[in-house]
Amino acid sequence: MAEIIFSSERLYTRQLTNDDLSSIKEQLQDPEVMSAYEGAFSDLMVKSWLLKQMERYTQDGCGLYALLTKDNDTFVGQCGVTMQEFEGRLVHEVGYLLSKRFWHEGYATEAAAAARDYAFEVLNAPFVCAQVRDNNIPSQKVAQRIGFKQVGEIVKHYRGFVLPHIVYGMTRADYLAYKAQVTASA
């Protein structure tokens, strides 16, 4: 079995491999799932996406990982931490992408919270964010549910499109206070 990168109550992550290509296609070639990217990916774009994640593991020490259920190893999507530019520096960003058939089961919030914890507790990030398309209300709610606050706005240019994003995030001090508050109310 592959090494588990991080896990939550129902889910775990491991590095993506070439064997995951068909599962990744389910997400990246679904126009609804990929609306934040202005449309579905071609086969070549999917292969490029997978290679990029595998390069990130070596280059950055993190990336998007395969997200699977603990009970039966079902491939739910991808989740992890990537390095993204914000305010002139590279920061840790929580990212996730779920196959549509797994929407509305709480997996996104559960996985994003585990990725946030991984970024702070294992990667020792001083700041962690989620860069969410301005029209992606469900992902904005996920960012808020895991304790992130709006900290800025950016514009990304991708595939010839101008893509406004809202940046949600927290510092290490914010994270420690958030975790203490969650623990106290449990």
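Is phenylalanine 86 buried or exposed? Please go on from there to what surrounds that residue.

Analyst: Phenylalanine 86 counts as buried, because its relative accessibility is 4% and the cut-off for buried is under 20%. The model is a predicted one, and the values below are computed from it.

Start with the ring partner. Phenylalanine 86 forms an aromatic pair with phenylalanine 127; the centres are 6.0 Å apart, the planes are at 10° to each other, and the pair is stacked. Pairing requires centres within 6.5 Å, and planes under 30 degrees apart count as stacked. Phenylalanine 86 belongs to strand 3 (residues 75–86) and phenylalanine 127 to strand 5 (residues 127–133), so the pair links parts that lie 41 residues apart in sequence. Phenylalanine 127 is buried too, because its relative accessible area is 11%, under the 20% limit.

Phenylalanine 127 has a further neighbour. The charged end of arginine 89 sits over the ring of phenylalanine 127, at 5.3 Å from the ring centre.

Setting aside neighbours within four places in sequence, valine 91 contacts Phe86 and Phe127, along with Thr82, Met83, Gln84 and Cys129. As for cysteine 129, its C-alpha is 7.5 Å from that of valine 91, although the two residues are 38 apart in sequence.

The pair of phenylalanine 86 and phenylalanine 127 is stacked, and the model holds seven aromatic pairs in total. For comparison, take phenylalanine 120 and tyrosine 175. Both of these residues are buried. Their ring centres are 4.4 Å apart and their planes are at 15°, so this pair is stacked as well. Phenylalanine 120 lies in helix 3 (residues 107–121) and tyrosine 175 in helix 5 (residues 172–185), so here the parts tied together are 55 residues apart in sequence. Elsewhere, Phe6, Tyr57, Tyr65 and Tyr118 make up one aromatic cluster.

To return to the part you asked about: phenylalanine 86 is buried, its ring is stacked with that of phenylalanine 127, arginine 89 places its charged end over the phenylalanine 127 ring, and valine 91 is in contact with both Phe86 and Phe127.

Note on methods. Residues numbered from 1 in each chain as written. Predicted model: local features only at pLDDT ≥ 70, side-chain atom pairs only at ≥ 80, totals over all residues. Heavy atoms only, no water. Phe/Tyr/Trp six-rings, centres within 6.5 Å; stacked < 30°, edge-to-face > 60°. Helix = DSSP H or I, 4+ residues; strand = E, 2+ residues; numbered from the N terminus. Buried < 20%, exposed > 50% of the residue type's maximum accessible area, 1.4 Å probe, protein only. Lys NZ or Arg CZ within 6 Å of the ring centre and 35° of its normal. Contact = heavy atoms within 4.5 Å.
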